[in-house]
Amino acid sequence: MLAHFPVLAASRISLLADQFRSALQQPHSGLVLRSLLILVAGGVGLYLMLPRGRHTGRRFDRIIGAALATLSLVLLATVEIPTGLAEVESAQKTLLWSFGSESKITGFTFYALAAISLVSAVMMITSRNPVYSALWFAVVLLGNSGLFLLQGAEFLSAATIIVYAGAIVVTFLFVIMLAQPSGAAKYDHVSREPLLSCLTGLILSSVLVGTLHYSARLDVRGGATETSILPSAEIITLSSTLPDSRHRTDANRHVAGLGKALFLDHVVSVEVIGVLLLAAVVGAMLIAGHPVHAPGVNETGRNKTGRNDRPS
Amino acid sequence: MPGSEPALNNYLIVGALLFTLGIVGFLTRRNLIVMFLCAELMLQGVSVTLVGFSGYHGSWSGQVFAIFSLALAAAEAGIALALFVVLFRRGHSLDVSIWQDLREADQPPIPDETTDDEPQAEQVWPRLAPAGLLPARSPKTAGEPFESAMPAGAGSERGLR
């Protein structure tokens, strides 16, 4: 098995190269290449912003990285993704962030909220202090709940803020209890394999964004709609549909409809989730309530390696 | 209310990028609490995707699944924070690298990158400024208990400098 690995890898790589070459012949290959370049710029910026220990040589690394990441965000807003609607094939060059026939205000609000979410997510994973990470995560949640509101998910938006506010406060407590007494910890200033993980993120995001291009291309060429991830909206038929938020009446109230969907269509899942939460609570009590021997004298000897980050 | 396709594309891209950022942070950060936050960030990315699909198809199912993922996140948070308490009690650190001996027996240990040769920035804690001047003492109380209480205060003020 292991002996065949190089042959297998070579054949796979040549296959991938063939596919890539044929993909470049496709009509929208320029768009794909452009978004790939933008994602590469974002990945390099992220790598420069991550804490890298002693390799954080220059002081301006973070500033350059932030500038690169911001640039890639702004450029990403200008990438066009061809939509799959056949009747607008001539006019399918809609901007990524444009909202078609919807109002400009909706588009602008989405733009702002998405920028808030993504920028705070970058700041969250690159900040050296876990307190700041938790704070930036709270900002991510605010942006996300705004995005939820924009798509007519009012209950979910409120629930996100309510549930995660508690989670954030608890995380703060944990940071203050566990991380702060030792001051600035060394492990917060060193990332593990930042280059490789940025590469992983780059590949993942390229595949995800490229899938959008690919499925849109399938749609545009027609006849392959069933393999697309975007079936036309009319295919899906459902008993209960979202009320139009612009024509909200008492007859189709939001929470009532959501409750109907939850407790009629998904009632078994609700029960399962309830049991899962109960199990989680019991498990958490079992784990945290288990007495540990006096600190420093546990028999595993891990304290020897664990002590090195503590000030003596 | 079937949404427009550009809007769905936008939501999918934002969700994908949030998920990617979460995975990068989870792979590369060494603080347990930050890793936990990154896992939550991945869940948020998935929620954005689900809500985008829900708006596009005009169906409740996406929002229902997002609510389920919210409940899952809550359960995960409870378990994870309980584990952090236990791990911190045993290891006295939030570093994940000290738990490397949980690896497979035949795997070599991954050497940690140390920061020993990096000049550590001294942690600067905020300090309260001394609140104004000391009140002028009247000569009557100069040698009284007030004076005996002073050296402690003066000493601590000198210690602040």
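This is a predicted model: local features need pLDDT of at least 70, side-chain atom pairs count only at pLDDT 80 or more; totals for chains, interfaces and linings use all residues.
1. The patch is formed by Phe20(A), Leu33(A), Leu36(A), Val40(A) and Val44(A), which together have about 370 Å² of accessible area. Patches here are built from residues with over 30% relative accessible area and no salt bridge, with nonpolar side chains (Val, Leu, Ile, Met, Phe, Trp, Tyr) joined within 5 Å and like charges within 9 Å. Accessible areas come from the Shrake-Rupley method with a 1.4 Å probe, and for residues only the protein chains shown count as cover.

2. Residues are numbered from 1 along each chain as its sequence is written, chains are lettered from A and ligands numbered from 1 in the order in which they are written, and side-chain values use heavy atoms, with hydrogens and water left out.

3. Now the overall make-up. Chain A has 10 helices and zero strands, and chain B has four helices and zero strands. Both element types are DSSP runs numbered from the N terminus: helices are H or I with at least four residues, strands are E with at least two. Of the 312 residues of chain A, 39% count as buried; for the 161 residues of chain B the figure is 49%. Buried means under 20% relative accessible area, exposed over 50%, and partly exposed in between (1.4 Å probe, protein chains only).

4. Two valines are worth a look. Val40(A), a member of the nonpolar patch, sits in helix H2 of chain A and is partly exposed, at 33% relative accessible area. Val48(B) belongs to helix H2 of chain B and is buried, with a relative accessible area of 1%. The C-alpha atoms of Val48(B) and Ala16(B) are 8.8 Å apart, although 32 residues separate the two along the chain.

5. Over all chains, the structure has one salt bridge, defined as a side-chain nitrogen of Lys or Arg within 4 Å of a carboxyl oxygen of Asp or Glu. The partners are Asp95(B) and Arg30(B), whose closest N and O atoms are 2.6 Å apart. Asp95(B) lies in the loop between helix H3 (61-91) and helix H4 (145-160) of chain B, and Arg30(B) in the loop between helix H1 (5-28) and H2 of chain B, so the pair ties together parts 65 residues apart in sequence. Asp95(B) is buried at 3% relative accessibility, and Arg30(B) is buried too, with 6%.

6. On a 1 Å grid over the protein atoms alone, a cavity is a set of points where a 1.4 Å probe fits but cannot get out, and lining residues have an atom within 4 Å of a point. Grid points are joined across faces, edges and corners, and a volume is the space filled by probe spheres set on the points. The second largest cavity has a volume of about 30 Å³. Its lining includes Phe137(A), Tyr164(A), Phe36(B) and Glu40(B). Helix H6 (154-179) of chain A and helix H2 (32-57) of chain B each supply at least two lining residues, and H6(A) gives the most, with four.

Notes
On a 1 Å grid over the protein atoms alone, a cavity is a set of points where a 1.4 Å probe fits but cannot get out, and a pocket is an open set with protein on both sides within 12 Å along at least five of seven lines; lining residues have an atom within 4 Å of a point.
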